[in-house]
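Let's walk through this structure together, one region at a time. Have the viewer open and follow along.

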Amino acid sequence: MIYKDIFNITDTLFSTLQLKYLDVAYCVEQVNSAINKIKSLRNDDQSIFFFNEAKKYNFLKRSERLSEAETLNKYKMLQFEILDNIILCQLTDRFQDLNKLKFLSLVDTSKFKSYKTAFPYEGFNCLTLIYKEIFDTDQLKNELSVIYFDEQFHNQSIQQCVKLLKVFEESGLLKEAYKLFCIVLTIPSTSVSVERNFSCLKRIKSYLRNSMTEERLSSLATISIEKDLINTLSKNDEKFYEKIIDKFALLKDRRIDLIYKT
């Protein structure tokens, strides 16, 4: 019963976060709203409600040694443990650094029109705290103001903005803004690629290969992770694999001849 209410809250949050929002402040607001809604389930009235619903559908496994009040207290403690340790802690830990991404609002092209009259200082201050050594902040602020007034950047994708800024950057203009848009463009939206790489390492370094050196493991992992690139190179060069074998063979003297001699 309790999971049904939790899933209703988290499903709504999931749907919101899956959208292509650059308004991190809005996302933070939605996360906090979800946490508060889950916290509202942590009270005695909700515990009694869930307990009575469980009794109605015979979901309870009541011990003969415990009274109904003791059984209620037991399930209330279980409910609070689920909410505190599993749900609330996980949500809090998962999104604790979300505020650090508020600078993404600086490149939210859908809001550039409103930024002409109200500069996004909250996102800008967040950026200066995190990347203060990378940017000339005064120059960046001036360049962003120019971009916000330039309608060719309004409602464009980040990729399109980078292409436009590249032209200016090559002429020595809007360099700081170009740097900012490139940073935003390279921030991964998920951790899938990292998790996939770790899965690759598990496949390579098996129990039978446990004594493999770090250098060899790194090389094999690179080959596996970048297999698409290797396939592309092999298609463009018919002798790609032969060249690799020849280079490997010439690295040092070996007990077998890897190079065919005529």
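K76 counts as partly exposed because its relative accessibility is 22%; here buried means under 20% relative accessible area, exposed over 50%, and partly exposed in between, with a 1.4 Å probe and protein chains only. You will find K76 in helix 4, residues 68-94, where helices (H or I, at least four residues) are DSSP runs numbered from the N terminus. Setting aside neighbours within four places in sequence, K76 is in contact with D44 and S47, contact being heavy atoms within 4.5 Å. K76 and S47 are 29 residues apart along the chain, yet 5.6 Å separates their C-alpha atoms.

A word on the ground rules: this is a predicted model, in which local features need pLDDT of at least 70 and side-chain atom pairs count only at pLDDT 80 or more, while totals for chains, interfaces and linings use all residues. Residues are numbered from 1 along each chain as its sequence is written, and side-chain values use heavy atoms, leaving out hydrogens and water.

The largest nonpolar core has 27 residues, and F103, L106, L144, I147, L165, L180 and F181 have the most contacts inside it. Such a core is a set of buried Ala, Val, Leu, Ile, Met, Phe, Trp, Tyr and Cys residues joined through side-chain atoms within 4.5 Å. Two or more residues each come from helix 5 (112-115), helix 6 (121-130), helix 7 (137-149), helix 8 (158-170) and helix 9 (175-186), with helix 9 giving the largest share, 6 residues.

S234 counts as buried because its relative accessibility is 18%. Not counting residues up to four places away in sequence, S234 touches F240 and Y241.

Of the 13 residues that line the second largest pocket, S219, L220, I223, I244 and F248 are the closest to its centre. Helix 11 (214-225) and helix 13 (240-249) each give two or more residues to this lining, and the largest share, 6 residues, comes from helix 13. A pocket here is an open set of points on a 1 Å grid over the protein atoms alone, where a 1.4 Å probe fits, with protein on both sides within 12 Å along at least five of seven lines; lining residues have an atom within 4 Å of a point.
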